[in-house]
Amino acid sequence: MTRSHHKPLFFTDREFQAFEGAPDPADVTAIAHESAAILVGAGRTNADPEVTARLIALTDEIGLSTLAQLWAGRPAVSLPGVLWRLYTLREWVRRDAVGAAGDYNAGIRHAHVSHAVAGSADPSGPAEIKALADRILEGAYTGDFAVALERAAAFCRVVAFGRAERAERHDGHDDALAAREALSAARLGDTARDLTKAASAWRIGNLD
């Protein structure tokens, strides 16, 4: 896909929608990886702050469900897989900044190193957590991609500790809620490990 205008390559809502519904699984896979590579390339080869801002806020324009159809089914340690996780993380933080800040702050005392890697302000209120999610995505497009993935992994790790602590508090009082919190913490831990593996793969040129 090429453009004739002066702006760097950028997907519009219509272009993303055009990828939906490919009948052949091989086509779906190819489209997922191609779209991720083009998006990352567009962000990393331009110096236009407006384009970077649009990339960060991509789900605000096209909706998370559109990205889900493209990327959610790809392996965690793949370019579309990690982009899906980065945008999902940002979307969750924007929708529940108060809850995200609460989880994060509860986890800090158990994960000081991860807190430092994530780079959040201290204390981390809702506004700071939202800003952190944006900065992580910005780093993926304008900085060291592997470092951005490691920061996202660190963020997930801190939140996972916070949710695990909350699960312990509910244990014996609301066992169903405790189980949900524990499962969520475990899944976030898995996401953190996947993002860390993806960062290593990027550094050796093996993330596509």
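A residue is called buried when its relative accessible area is under 20%. I begin with that cut-off since several residues in this talk are judged by it. The structure before you is a predicted model.

Let me apply the cut-off at once, to E165. Its relative accessible area is 16%, so E165 is buried. The side chain of E165 meets that of R169 in a salt bridge, at 3.3 Å from N to O. Both residues belong to helix α10, where they stand 4 residues apart, about one turn of the helix.

I stay with helix α10 for a second pair. Which residue forms a salt bridge with R163? The partner is D103, and the closest N and O atoms are 3.0 Å apart. R163 lies in helix α10, residues 145-170, whereas D103 lies in helix α7, residues 97-108; the pair therefore ties together parts that are 60 residues apart in sequence. Are the two partners buried or exposed? R163 is buried, and D103 is buried as well. For D103 the relative accessible area is 3%, which places this residue among the buried ones because the limit is 20%. The side chain of D103 also takes part in a polar contact of 3.1 Å with the side chain of R166.

I turn now to helix α11, residues 175-203. Here D190 and R193 lie 3 residues apart, about one turn of the helix. They form a salt bridge whose closest N and O atoms are 2.3 Å apart. How accessible are these two residues? D190 has a relative accessibility of 38% and so counts as partly exposed. R193, at 46%, likewise counts as partly exposed. Elsewhere, salt bridges that share partners join D60, R90, R94 and D134 into one network. In total, the model contains 12 salt bridges.

The next element is helix α6, residues 79-95. Among the buried residues are W84, Y87, L89, R90 and E91. R90, I would recall, is one of the members of the salt-bridge network.

Finally, I come to the largest pocket. Its space amounts to about 350 Å³. The elements that contribute two or more residues to its lining are α6, α10 and α11. Which of the elements gives the most to this lining? Helix α6 does, with 6 residues. The lining consists of 14 residues in all, and T88, L89, R163, L188 and T191 lie nearest the centre of the pocket. By class, 8 of the lining residues are nonpolar, 3 are polar and 3 are charged.

Two residues named earlier return at this point. R163, the salt-bridge partner of D103, is among the residues nearest the centre of the largest pocket. L89, a buried residue of α6, is also in that central group.

That concludes my presentation.

Definitions and conventions: Residues numbered from 1 in each chain as written. Predicted model: local features only at pLDDT ≥ 70, side-chain atom pairs only at ≥ 80, totals over all residues. Heavy atoms only, no water. Buried < 20%, exposed > 50% of the residue type's maximum accessible area, 1.4 Å probe, protein only. Salt bridge = Lys/Arg side-chain N within 4 Å of Asp/Glu carboxyl O. 1 Å grid on protein atoms, 1.4 Å probe; cavity = no way out; pocket = protein on both sides within 12 Å on 5 of 7 lines; lining within 4 Å. Points joined across faces, edges and corners; volume = space filled by probe spheres on them. Nonpolar A, V, L, I, M, F, W, Y, C, P; charged D, E, K, R; others polar. Polar contact = N/O pair within 3.5 Å; in protein donor to acceptor, adjacent residues only side chain to side chain.
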